[in-house]
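Subject: Structure for you to look at

Hello,

Here is the structure I said I would pass on. Please open it before you read the rest of this message.

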Amino acid sequence: MVDKETRLIKKIKKGNHQAFKKLYDRFADYSLRTAFAITKNQSDASDIVQETFIRVYRNIDSYDMSRII
C-alpha cells in the first residue's frame with residue numbers, strides 16, 4: 001500500500017493531475033466519514049474534506065517523502 005502512495009505522490013509532484021485524482025478517490029470517502037464522525041454534520045464534513053484536499057494539492061511540493069511509513 002505504501003508503495004502505491006509513494007508512486008502517486010511522486011507523480012503528483014511532477015504535475016500529473018490524474019495521479020492527484022487517484023489519490024483523492026482513494027482517500028476521499030474515508031476522509032469524509034472521519035470528518036462526519038467528528039462534526040456530526042454532513043455539510044461541514046464535506047467542506048473540511050474539500051479544504052483538506054485543496055491544501056494537499058497546493059502544498060504537495062513541500063511534502064517530505066521520508067515521512068511515508
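Below is what was found in it, from the whole chain down to single residues.

Please keep in mind that this is a predicted model.

Overall layout

The protein has three helices and zero strands. Along the sequence this gives the pattern α-α-α. Taken along the principal axes, the C-alpha atoms fill a box of roughly 35 × 20 × 20 Å. The protein has 69 residues, and 20% of them count as buried. If you take the contacts with a separation of 6 or more, 50% of them are between residues 24 or more positions apart.

Helix 2 against helix 3

Helix 2 covers residues 17–39 and helix 3 covers residues 42–59. The two pack at an angle of about 145°, and their axes are 9 Å apart. The crossing of helix 2 with helix 3 is right-handed. On the helix 2 side, the residues making the contact include His-17, Phe-20, Leu-23, Tyr-24 and Phe-27. On the helix 3 side, they include Ala-45, Ile-48, Val-49, Phe-53 and Val-56. Sorted by class, this contact has 14 nonpolar, five polar and one charged residues.

Helix 3

How far apart should the ends of helix 3 be? Helix 3 has 18 residues, and at 1.5 Å a residue they should span 26 Å.

Which residues of helix 3 are buried? They are Ala-45, Val-49 and Phe-53. Seen down the axis of helix 3, the buried residues fall within an arc of 65°, so they line one face of the helix. Helix 2 is included in what covers these buried residues. The face of helix 3 turned away from the buried side carries Arg-55 and Arg-58, which are exposed.

Start with Leu-23, which is found in helix 2. Is Leu-23 buried or exposed? Its relative accessibility is 9%, and Leu-23 counts as buried because the cut-off for that is under 20%. Leaving aside neighbours within four places in sequence, Leu-23 is in contact with Leu-8, Ile-12, Phe-53 and Val-56. Of these, Phe-53 and Val-56 are also listed in the contact of helix 3 with helix 2.

Next is Glu-5, which is found in helix 1, residues 2–13. Glu-5 has 10% relative accessibility and therefore counts as buried. With neighbours within four places in sequence left aside, Glu-5 is in contact with Arg-26 and Phe-27. Glu-5 and Leu-23 are 18 residues apart in sequence, and from C-alpha to C-alpha they are 7.5 Å apart in space.

The last one is Gln-18, which lies in helix 2. Gln-18 has a relative accessible area of 47%, so it is partly exposed; a residue has to be over 50% to count as exposed. Gln-18 and Leu-8 are 10 residues apart in sequence and 9.3 Å apart in space, again from C-alpha to C-alpha.

Regards

Methods. Residues are numbered from 1 along each chain as its sequence is written. This is a predicted model: local features need pLDDT of at least 70, side-chain atom pairs count only at pLDDT 80 or more; totals for chains, interfaces and linings use all residues. Side-chain values use heavy atoms; hydrogens and water are left out. Axes are lines fitted to C-alpha atoms, for helices over the stretch in contact, and angles run from 0 to 180 degrees between N-to-C directions. Helices (H or I, at least four residues) and strands (E, at least two) are DSSP runs, numbered from the N terminus. A crossing is left-handed if the near helix is turned anticlockwise from the far one by less than a right angle, and right-handed if clockwise. Contact means heavy atoms within 4.5 Å. Ala, Val, Leu, Ile, Met, Phe, Trp, Tyr, Cys and Pro count as nonpolar, Asp, Glu, Lys and Arg as charged, and the others, Gly among them, as polar. The expected span of a helix is 1.5 Å times one less than its number of residues. Buried means under 20% relative accessible area, exposed over 50%, partly exposed in between (1.4 Å probe, protein chains only). The arc is that of the directions from the helix axis to the C-beta atoms.
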